[in-house]
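Have a look around, then read on for a short tour.

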Amino acid sequence: MTGGVAGPGRAAGRAAAEPGALGLAAHDRTPLVARALAGQPDTVTRGGLWALSDALTARLRADGFRRVLVRSDDPTHILRAIEGCHAVGADLWIAHTNLPDPFIEEFTRRFGIELVVGDSDRPTGVTPVAGGPARRIHMMTSGTTGEPKVAIHTLESLLSRVRSGARVSVNRAGKWLLTYQPTGFAGLQVALTAVLSHGLLVIPEERTPLGFYQAAVDHGVTQVSATATFWRSLLMVAKPGALGLRQITLGGEAVDQATLTRLRTAFPDTRITHIYASTEAGVVFAVHDGREGFPAAWLQGPVQGVELRIRDGFLHIKTPNAMRAYATEAEQPLGEDGWLKTADQCEVRDDRVYILGRQDSTINVAGSKVYPLSVERFLLGLSGVLEARVFGVPNPVAGAIVGAEVVLAEGLDPKATRMEILKACREQLPGYQVPRAFKIVDAIQVKASGKKG
Amino acid sequence: MTEQEVLGEIQRLLADIAESKGEDAPEINGQVELLGGELPIDSLDLASLVRELEDVTGHDPFKDGFIDFRTAGELARLYVR
């Protein structure tokens, strides 16, 4: 790691007996983060993270810093920033590394941030101001369109579901593959769960499907939490038998039945869970029955500590773990009555609630509304289709038409399969939902958040 | 492309659309009305035809707004360069 850091036991910032927020101990030699630095294997132990946090605590205390921003994809930096800020009662902002420098500079000015934590910690020159709110953790949304929104959380709201997850026996001392962007809500949940469950966090050297797979095999990974898109790409490169997975978790995107079924077939003995969570709402619920969507009965009363309802087709959530507010937006989705309005549109069919997709992603085809997710789900359910992306293409005749890109299984004849897919679409989808701009591609671009681009 | 060449492309693309719908490939000429009922296509098929023509010709005549057309010939002329 970095030089000049207080070694284990040499408590600079606080008494060695003080437990801190993450339950680390100065003399604990258990590996916590396994990664490769410049090609060399590198491990940070729990005691090592304790020492790094302690050094940061000392610095924050000495310089009176109360507003800290961490900008790094190394969870070691993010975790020591959380621990250090918690120890001195400072506010923390967690920033994505793919945001441009000018954005971050304007951001630090706007919020009066005094220290930027990363590979080297850098004071911004802002004079520290005493007092004000403290111990808030600001998380950024993935910012699909435009600038990311900033949600105000507390360590308590972030740790609530982590604590219960860490107690589940299948998660004890697990080895977690960090597939998500480490600075995002889902990535932080995985990192915190690894810390609280005395697990190991595995960071691949290369963030490609093969890089993730290799890291998982090399480190004997047992738990993988990832987007459905990630899972489909992993299934294209992995030999499932080479992975001894205890827990498969899908989150960050609505999950389709075809992917759940493929995972069940590939990993017959692994617990498979899909999670509804967002930066704004926190972790809301987990579904373990292997079916997409969630039981409609959950709309009737509290489930997993939260309440759910559908209003005007949108999912509303009442949860103690939601953000307090957006720090950046004028319009707040959290009502006075405690219900958080999501942009996820839902449909109840029989005993199940299905998530159709986000309001802002619908395609207007000649006046008919198309949910890209539902067409993606249909395509993924066809044999030979490994991955699919559906999007709107502006069109002079219809306003917009449905565009689709699909990745085919190896060895299929592209021309014949294309005709089969289009035929299935024409036979089984309403005309306006049929992809009219259709392309077979080798791969589909994935964003830093692990979602489709 | 000349008008005749674009008409040839329209003929070929309509044959693809017809085939994917399990219909016979239609014979077309410049006078046939695209949505006049003689061809086995609807307005969404026409939307995809226009999209494909943009790919084939490398030209989008509608980029500054919609231009009226009824017949295959009128459509073909929009792509002549």
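## Ground rules

This is a predicted model, where local features need pLDDT of at least 70, side-chain atom pairs count only at pLDDT 80 or more, and totals for chains, interfaces and linings use all residues. Residues are numbered from 1 along each chain as its sequence is written, chains are lettered from A and ligands numbered from 1 in the order in which they are written, and side-chain values use heavy atoms, with hydrogens and water left out.

Helices (H or I, at least four residues) and strands (E, at least two) are DSSP runs, numbered from the N terminus.

## Two helices in chain B

Let's start with helix α1 (residues 3-20) of chain B and helix α2 (residues 43-57) of chain B, whose axes come within 10 Å and cross at roughly 130 degrees. Axes here are lines fitted to C-alpha atoms, for helices over the stretch in contact, with angles running from 0 to 180 degrees between N-to-C directions. That angle makes α1(B) oblique to α2(B); under 35 degrees would count as roughly parallel, over 145 as roughly antiparallel, and 65 to 115 as roughly perpendicular, with the rest oblique.

Which residues of α1(B) and α2(B) make the contact (heavy atoms within 4.5 Å)? On the α1(B) side they include V6(B), I10(B) and L13(B), and on the α2(B) side D45(B), L49(B) and L53(B) are among them. By class, the residues of this contact split into eight nonpolar, one polar and four charged. Nonpolar covers Ala, Val, Leu, Ile, Met, Phe, Trp, Tyr, Cys and Pro, charged covers Asp, Glu, Lys and Arg, and the others, Gly among them, are polar.

## A helix pair in chain A

Over in chain A, the axes of helix α2 (residues 75-88) and helix α5 (residues 185-196) come within 11 Å and cross at roughly 75 degrees. That makes α2(A) roughly perpendicular to α5(A). I78(A), L79(A) and I82(A) of α2(A) meet L188(A), A191(A), L192(A) and V195(A) of α5(A). This contact has seven nonpolar residues, with no polar and no charged ones.

## Salt bridges

Side chains of opposite charge can pair when their charged atoms come close. Counting a side-chain nitrogen of Lys or Arg within 4 Å of a carboxyl oxygen of Asp or Glu, there are 26 salt bridges over all chains. One of them joins E292(A) and R377(A), with the closest N and O atoms 3.0 Å apart. This pair links distant parts of the chain, 85 residues apart: E292(A) sits in the loop between β14 (282-287) and β15 (294-295), and R377(A) in helix α9 (residues 372-380). E292(A) is buried at 14% relative accessible area, and R377(A) is buried at 15%. Buried means under 20%, exposed over 50%, and partly exposed in between (1.4 Å probe, protein chains only).

Another salt bridge pairs R436(A) with D45(B), at 2.6 Å between the closest N and O atoms. This one crosses between chains, from the loop between α10 (414-428) and β25 (437-440) of chain A to helix α2 of chain B. Both R436(A) and D45(B) are buried.

## Two loop residues

D312(A) isn't a glycine, yet its phi is positive, near 50 degrees. You'll find D312(A) in the loop between β16 (307-311) and β17 (314-318), exposed at 76% relative accessibility.

D350(A) has a positive phi of about 55 degrees, although it is not a glycine. D350(A) lies in the loop between β19 (340-349) and β20 (352-358) of chain A, and is exposed with a relative accessible area of 77%.

Notes. Contact = heavy atoms within 4.5 Å.
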